[in-house]
Amino acid sequence: MARMTPDERREAIVDATLRVMIKQGIAATTVRDVASEMGTSSGLIHHYFDSMDGLLAEAFDHVASDDLARTASAVASSDDPVERLATFFDVYNRSGDEWGMQLWLDAWAEASRRPALQQTSRRLNEAWQALVAALIDDGVAAGVMNCDDPDASAWRIISLLDGLALQAVAHGDLVAPDDATSWARRYAEDELALPRGALRSSASHES
């Protein structure tokens with residue numbers, strides 16, 4: 001087997017960390033766990049990362065940034081502002097996989113104790129909000145949405161989505177994922193003075 005370059009080795013460490021985080025949570029992930037996952041020594045991990053906080057933040061950033069990029073790409077596929085916002089709800093990836101939302105739940109819970117993780121989760125949260133705010137801005141500019149403060153509306157929509165998704169992850173069937181998304185769509189329609197059903201999923205449009 002070819003010897004890994006430093007960049008490849010660092011990426012392998014991040015990938016192993018993510019696997020451990022998914023299996024046992026961020027708080028319970030240690031250097032020893034990551035080394036065991038890779039079949040290597042803790043010393044190798046310390047060689048590439050100064051702190052466990054930094055490693056956890058980078059692993060979280062890796063998967064969360066990919067989710068954000070995929071969502072941004074999906075909403076860019078249409079020129080219609082309402083359709084773009086409906087697509088956002090269709091592909092909002094933080095709640096698309098239970099383990100993905102669980103990572104966000106873990107990251108928020110650990111943020112107050114881990115500065116690097118806090119910085120990363122805050123930056124990504126702001127990026128999600130900015131994406132929604134831009135979609136609303138476009139809708140207002142096109143005259144199809146009514147909103148005096150797109151930034152505030154975006155925060156409310158994101159917060160509702162995340163709060164409902166956390167209920168679904170943390171409490172099982174207390175809130176069904178489909179209901180969570182449907183309620184958030186309806187709230188956004190009211191928030192932006194859109195006709196009822198304007199943000200229904202693409203599957204509903206096709207049925």
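Is glycine 143 buried or exposed? Glycine 143 is exposed, at a relative accessible area of 62%; exposed means over 50%, buried under 20% and partly exposed in between, with a 1.4 Å probe and protein chains only. The model is predicted: local features need pLDDT of at least 70, side-chain atom pairs count only at pLDDT 80 or more, and totals for chains, interfaces and linings use all residues. Residues are numbered from 1 along each chain as its sequence is written, and side-chain values use heavy atoms, with hydrogens and water left out.

**Figure 1. The whole chain.** The protein chain has 10 helices and zero strands. Helices (H or I, at least four residues) and strands (E, at least two) are DSSP runs, numbered from the N terminus. The order along the sequence is α-α-α-α-α-α-α-α-α-α. The C-alpha trace spans about 60 × 35 × 35 Å along its principal axes. Of the 207 residues, 44% count as buried.

**Figure 2. The largest nonpolar core.** A nonpolar core is a set of buried Ala, Val, Leu, Ile, Met, Phe, Trp, Tyr and Cys residues joined through side-chain atoms within 4.5 Å. The largest one has 54 residues, of which Phe60, Leu85, Phe88, Phe89, Trp128 and Leu199 touch the most other members. At least two residues of this core come from each of α1, α2 (31-38), α4, α5 (81-91), α6 (98-110), α7, α8 and α9 (177-191). Helix α4 gives the largest share, 10 residues.

**Figure 3. Glutamate 58 and arginine 10.** A salt bridge is a side-chain nitrogen of Lys or Arg within 4 Å of a carboxyl oxygen of Asp or Glu. The structure holds 13 salt bridges. In one of them, glutamate 58 pairs with arginine 10, and the closest N and O atoms are 2.9 Å apart. Glutamate 58 lies in helix α4 (residues 52-75) and arginine 10 in helix α1 (residues 6-24), so the pair ties together parts that are 48 residues apart in sequence. Glutamate 58 is partly exposed at 29% relative accessibility, and arginine 10 is partly exposed at 30%.

**Figure 4. Aspartate 61 and arginine 123.** The closest N and O atoms of this salt bridge are 2.8 Å apart. The pair links distant parts of the chain, with aspartate 61 in helix α4 and arginine 123 in helix α7, 62 residues apart. Arginine 123 has a relative accessible area of 40%, so it counts as partly exposed.

**Figure 5. Other salt bridges.** Glutamate 189 forms a salt bridge with arginine 196, and their closest N and O atoms are 3.5 Å apart. Glutamate 189 is buried, at a relative accessible area of 3%. Elsewhere, Arg19, Lys23 and Glu37 are linked in a network of salt bridges.

**Figure 6. A patch of negative charge.** On the surface, Asp137, Asp148, Asp149 and Asp151 gather in a patch of negative charge. Patches are made of residues with over 30% relative accessible area and no salt bridge; like charges are joined within 9 Å, and nonpolar side chains (Val, Leu, Ile, Met, Phe, Trp, Tyr) within 5 Å. Lys and Arg count as positive and Asp and Glu as negative, while His and the chain ends are not counted. The place of a charge is taken as NZ of Lys, CZ of Arg, CG of Asp or CD of Glu. Accessible areas come from the Shrake-Rupley method with a 1.4 Å probe, and for residues only the protein chains shown count as cover. Aspartate 148 lies in the loop between α7 (115-141) and α8 (150-170). Aspartate 148 is exposed, with a relative accessible area of 81%.

**Figure 7. Two loop residues.** Glycine 143 is in the loop between α7 and α8. From glycine 143 to leucine 18 the C-alpha distance is 43 Å, and the two are 125 residues apart in sequence. Alanine 193 is found in the loop between α9 and α10 (202-206). Its phi is near 55°, a positive value in a residue other than glycine. Most residues other than glycine have a negative phi.

**Figure 8. Two helix residues.** Valine 82 is found in helix α5 and is buried, at 15% relative accessibility. Serine 42 is in helix α3 (residues 42-48) and is partly exposed, with a relative accessible area of 27%. Serine 42 and alanine 184 are 44 Å apart in space, C-alpha to C-alpha, and 142 residues apart in sequence.
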